[in-house]
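Please keep the structure in view while reading each point.

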Amino acid sequence: MGDAIEKSLRDIRGKRDVSFFDLYSIDQVSDTDLGLIFEIARGFRSAKTAKLTLCKGNTQVNCFFEPSTRTQASFDLSAKHLGMDTTNVGGGSSSAKKGESFIDTVETLDAYNARTLVIRSSEAGVAEIAARHVAASVLNAGDGWHEHPTQGLLDALTMLDCIQADTLAGKTVLIVGDVVHSRVFGSLVRVLIRLQATIRIAAPITLLPAEVEQFGVTLFTDVEKALVGTDFVYTLRVQEERGAKGFIPTLREYSKTFGISEWRLDLAAKDAILMHPGPVIRDIDVHSALVSRHPQSRILTQVENGMAIRKALLWLLCERFDGKTKTFERI
Amino acid sequence: MTSILIQNGRVVDPYNNLDEISDILVIDGMIAKVTPEIADESDQVIDATGLVVAPGLVDLQVHFREPGREDRETIETGSRAALKGGVTTAVAMPNSTPTADNQAVIEFILKRAAETGLINILPTGAITSGQSGSMLSEMSEIKQAGGVAVTDDGNDVQNPAILRRAMEYAKTHDMLIMSHCETDSLTDGGVMHEGWVSTQLGLPATPAISEDLAVAKNIMLAELTGARLHLLHNSTAGAVAAIKSAKARGATNITAEVSVQHFALSDEQCLGYNTDAKMYPPLRSADHVAAIVVAIKDGTIDALTTDHAPHIEPDKLLPFEHAAMGSVGLEISFAVMYSYLVEPGHISLSEGIALMSHKPAAIIRSNRGTLSEGAPADISIFDIKKTWTVDPMLLESKGKNCVFKQMKLTGKAKHVLVGGELQMQDERILR
C-alpha cells in the first residue's frame, strides 16, 4: 500500500523542487513553491499516517530551545511517517543553559549529518542565523514574535481548501487578537498577501506592532464592524500575562470586547470559516461552543493540515532533483 | 629643541577660520607658526601636499573598557584605534569595572593613559555611585582627580528628583553633566528602533519617545538648575527639536552631540538580524536620520562622536535580543563624517572638522582642537581622496564589531601628531 501511495506522490511531484534550502520565512517561498507545497501536502493528507520511505535514511533533529508540545509532535511524527530517524534536543537539557552559543549548538548537531534541523526559539531570527552555518536544511518552528512559516502554510492550505481555489482573491480574512506578540501573525500575513486576500485586523491598539498597516492591512478597533462581510475569522491567542504587563486590563474585558462568540460570528459572511492556531483558551479568544464541533470551525482541520504541510516540506528538502546544494559557512 | 615642519598641506582650522594651503611649524610640542612657505630648517619635514591638515580630533564619547574588560579593549588598543582615525583626544566613559565613580578609578585611568602615552585620554566619572541612579558620586573629588565630566552613560538617571539634585550638585562644583537619554519603562526590553523594520523582524523594540521624553526631562532640569548639560548621542527627530527650541530660548548651558552612525545609517541595517547594528540609541528609521542631518546642518548639534563600543565576538554571536550593544568607531569616524556629510554637500569640510575638534573641546573646556599658535601640537593629516573598504579584521581595536563593515568610505588619517610627537606616519603607528 505504501508503494502505491509513494507512486501517486511521485506522480504529483514529478521532478519539481522548491527554490529554497531552508525555511525560516514565508518571504523565501515563491508563488511556484506555494503551489507545489500545497499539491504535495494534499497528497500526504490523503495518505494519513501511512508509513512511507520517501525520506528513509535521513535524520531529523528537533531542536526546541523553547518548549513546545504540539509543533514538536507534528514535526516529529511527520518525519517518522516518512521513514526518518528523529531525536529531540533543547529545553532544560540544552547546552544553551551551560553557556554555549546557539551557533555552536547547531553546528554540533549538524555534524551528526542531520538532514533537517527543526528549530524553535523564544528569540526572533535564531533559525535564520542558524541556517547560514549548517549543511542541514533548517525549518523554523517559530522564532520569537517573528514567524512560524509552517503554520502560515497550513493556514493558507486550510483556507484554499475551504473555497476550492488557488488564491484568496476577493476573499476577506479578519485576524483578531494579540498581533504584536504573535509569530503566527508574522507568517500568516505574509502568505495572505501572496494569495491576494483582503486583510483586516481587529485588536486593542496596545496589541498591535508599530506601523503594521504597512503590510497592507486595514485596522479595526471594533471587532463587530470588522466582522461584517468577512469570509475567514482567524483568532490569535491572548495570553494571561499580557494583562499583567498592562497590554489589556483583564482577559474578562478582552473576551467581552474582542472574543469571538457565536453571535459575533454570525456578523461575518454566511458560512464564514473560523480558525485558530491553538492552543485555544476557550471562552476568552473563542467561545467554547465554537472550538471543535461548530460546523464553521476548522481548528482541528488546521492541525491535520499541519502534518501534511510538514511532510511535504521534509520530502521536498530531503530529496532534490535539481542537483543543487546548499551553501553555508562555519563560524 | 625639536621641530617638525608640515609643508604645503590644505590647513583646515575652523577655530581660526582658516582653510588654505599653508605650512605649520611645530616646536617642542607646541604649534609655533602657521603660515605659507616657512623656511625648511626643521629636524623633520612632513610633506602634506594634497592632504588636509586638521586639528587632532576630539571624541567626547569612547569606551576603553580598562579597567575590567581588557579582553574587549585596553587603553593601549583603544589609543591605537584612535590614532588610526586621527583622534588625538578621547573622553573615556566611566562604565568600567569597577565603575569610575570615585577618584581612585579616575587616577588609575590617567596613570594608564600616561604610561601608554599615545593620545590624550580624559576620564569621566559617574553621576551616581555604581551608575545605579540613586546615590550621588563624589563629583568634587572626581573633578580634582582629573575627571572632565560626570555621566551615567548607558543609563539615564531615571528618577527626576535625583537628577535634579545631581545637576544642582554638579553646578556647585562647576562640573559638566553628560546625559544618555532614555526612559527605561518605555524601552522595556526593546532591542532596536520601533518601526516598520522591527515589525518585520518581530523584535521587541524601543520607541523614539523613550529618548524624546528623557531629552525633554534633562533639558527642563538643566534650565531649572543652570547646570552645564551635554546630551550624548542624540538620535531622534524629537530630541533635536527639543534641543533646538531650548537653544532658541537661550539655554547656553546645554550642548548636544550626535554619534556618526546615527546620521549615516538607518534601522534597515538590522535586517537579517545583524547584531553589529544593535546599539543604544538604536539606529533609527530614515525620517529620524534625515532630521539628525538637518540638525547638524542648522547648528543644533555641537559635536560628532563615535560612542566607540568594542565587544568580543561571542557577545555579538547571540540571538539579536541578547547580543551586546554598540559598534566600534574610532578608526572610521572622520571617514563617516566626510562620506555622509561633506561629500553629499550637507556641510563643508571645515564645518565637519569643527564638530570633531574645537567645538567638542570647548564643551569640556579644553584648549585642544585648534591649530592656534601656542596650542599643543595635536595635528591629524587626512587623505580625503582615499576611498577604502572597512575590514574589521584590519582594525587596531580589539572590538571587530563594526556596523560599517564592508562599507566603502572616503577619507583616511595618514599622519598624526600628538603633543608635537609624530605617532602615526603613512598610516603606520610608530610604536
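**Notes on domains, core and chain contact**

1. The model is a predicted one. In chain B, the domain assignment gives domain 1, made of 3-52 + 377-429, and domain 2, covering 55-363. Taken over C-alpha atoms, the centres of domain 1 of chain B and domain 2 of chain B are 25 Å apart.

2. Between these two domains of chain B, 33 residues of domain 1 are in contact with 44 residues of domain 2. On the side of domain 1 that touches domain 2, the elements giving two or more residues are strand 1 (3-13), strand 16 (379-389), strand 17 (408-418) and strand 18 (421-425) of chain B. Strand 17 of chain B gives the most, with seven residues. The residues of this side of domain 1 comprise 18 nonpolar, seven polar and eight charged.

3. The largest nonpolar core holds 241 residues, and those touching the most other members are A:Ile37, A:Leu117, A:Ala130, A:Ile175, A:Val233 and B:Ile177. Helix 12 (residues 299-318) of chain A gives the most to this core, namely ten residues.

4. Which residues does B:Ile177 touch, not counting residues up to four places away in sequence? Among them are B:Ile127, B:Ala149, B:Val150, B:Met167 and B:Leu229. B:Thr151 and B:Arg228 are also touched by B:Ile177.

5. The contact between the chains takes 22 residues from chain A and 17 residues from chain B. On the side of chain A that touches chain B, helix 4 (102-110), helix 5 (126-131) and helix 7 (183-194) of chain A each give two or more residues. The largest share, three residues, comes from helix 5 of chain A. This side of chain A divides into ten nonpolar, seven polar and five charged residues.

Terms used:
Residues numbered from 1 in each chain as written. Chains lettered and ligands numbered in written order. Predicted model: local features only at pLDDT ≥ 70, side-chain atom pairs only at ≥ 80, totals over all residues. Domains from an automatic or database assignment. Contact = placed C-beta atoms within 7 Å. Helix = DSSP H or I, 4+ residues; strand = E, 2+ residues; numbered from the N terminus. Nonpolar A, V, L, I, M, F, W, Y, C, P; charged D, E, K, R; others polar. Core = buried A, V, L, I, M, F, W, Y, C linked by C-beta atoms within 7 Å. Buried ≥ 20, exposed ≤ 12 C-beta atoms within 10 Å, placed from the backbone.
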